[in-house]
Amino acid sequence: MIKLSDLGQVYIVCGKTDLRKGTDGLATLIKEQFDLNPFSGQVFLFCSSRNDRFKALYWDKQGFWLLYKRFENGKLSWPKNQAEVKALSNEQVSWLMKGFTINPKIKDMKARKSY
C-alpha cells in the first residue's frame, strides 16, 4: 500500500472535484483556484460527489504522479467546503484512507472498529 504522507505534506481539496480532469486540469485548479504550487512536491487529494473514490496529484521533480483509488466497500468522509484546501497531519491522512473523517470523535472510531 502506498503511504501518501511519506511523499510529502498532504492537502485535501474540500468539496467536489470533477475527476474527469487529468494531471494538467488538476494542477491548474491547484494554482488558479487556491494559489498553491502544484510543483511543490506536496500531495493534493481530490474527491468526486460519489465519495467512494479519489485522485492524488504529486510532483516528484521529474514528472507528475496521478494516483486513483476506489473503495469497494464504504465511502470517504470528505469535507464539503468547496473553497478550501486543508493541510492534513499524517494521522488525518491515515484516518481518511480508512474511511474516517479527518476530525473523528473517539466514540465514532471505536464503533467502526467493532465491525
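Biologist: Which residue is the bridge partner of A56 in β4?

Modeller: L67 is the partner. L57 likewise stands opposite L66 in β4. This is a predicted model, where local features need pLDDT of at least 70, side-chain atom pairs count only at pLDDT 80 or more, and totals for chains, interfaces and linings use all residues. Residues are numbered from 1 along each chain as its sequence is written, and side-chain values use heavy atoms, with hydrogens and water left out.

Biologist: What makes β3 and β4 a pair?

Modeller: Strands (E, at least two residues) are DSSP runs, numbered from the N terminus, as are helices (H or I, at least four). Two strands pair if DSSP finds at least two bridges between them. Seven bridges join β3, residues 53-59, to β4, so the pair qualifies. The two run antiparallel. They form a hairpin with four residues between them. K61, in the turn, has a positive phi of about 80°.

Biologist: Why do β4 and β5 count as edges?

Modeller: The open sheet has five strands in the order β4-β3-β2-β1-β5, with mixed pairing. β4 (64-70) and β5 (85-88) each have a single partner strand, so one side of each is left without a neighbour in the sheet. Neighbouring strands are turned by 25° against each other on average, direction ignored.

Biologist: How do you know that helix α2 packs on the sheet?

Modeller: Contact means heavy atoms within 4.5 Å. Helix α2, residues 90-97, touches β1 (10-13), β2 (43-47), β3 and β5. Its direction makes about 105° with that of β5. Axes are lines fitted to C-alpha atoms, for helices over the stretch in contact, and angles run from 0 to 180 degrees between N-to-C directions.

Biologist: How many aromatic pairs are there?

Modeller: Five. Rings of Phe, Tyr and Trp (its six-membered ring) pair if their centres lie within 6.5 Å; planes under 30 degrees apart count as stacked, over 60 as edge-to-face and the rest as tilted.

Biologist: Why is the pair of F39 and W59 called edge-to-face?

Modeller: The centres are 4.9 Å apart and the planes stand at 80°, so the pair passes both cut-offs. F39 sits in the loop between α1 (23-34) and β2, W59 in strand β3, 20 residues apart.

Biologist: And why is the pair of F39 and F64 called tilted?

Modeller: The planes make 50°, with 5.2 Å centre to centre. F64 lies in strand β4, so the pair ties together parts 25 residues apart in sequence. F39, W59 and F64 form one aromatic cluster.

Biologist: Why does F39 count as partly exposed?

Modeller: Buried means under 20% relative accessible area, exposed over 50%, partly exposed in between (1.4 Å probe, protein chains only). F39 has 46%, so it is partly exposed. F64, with 25%, is partly exposed too.
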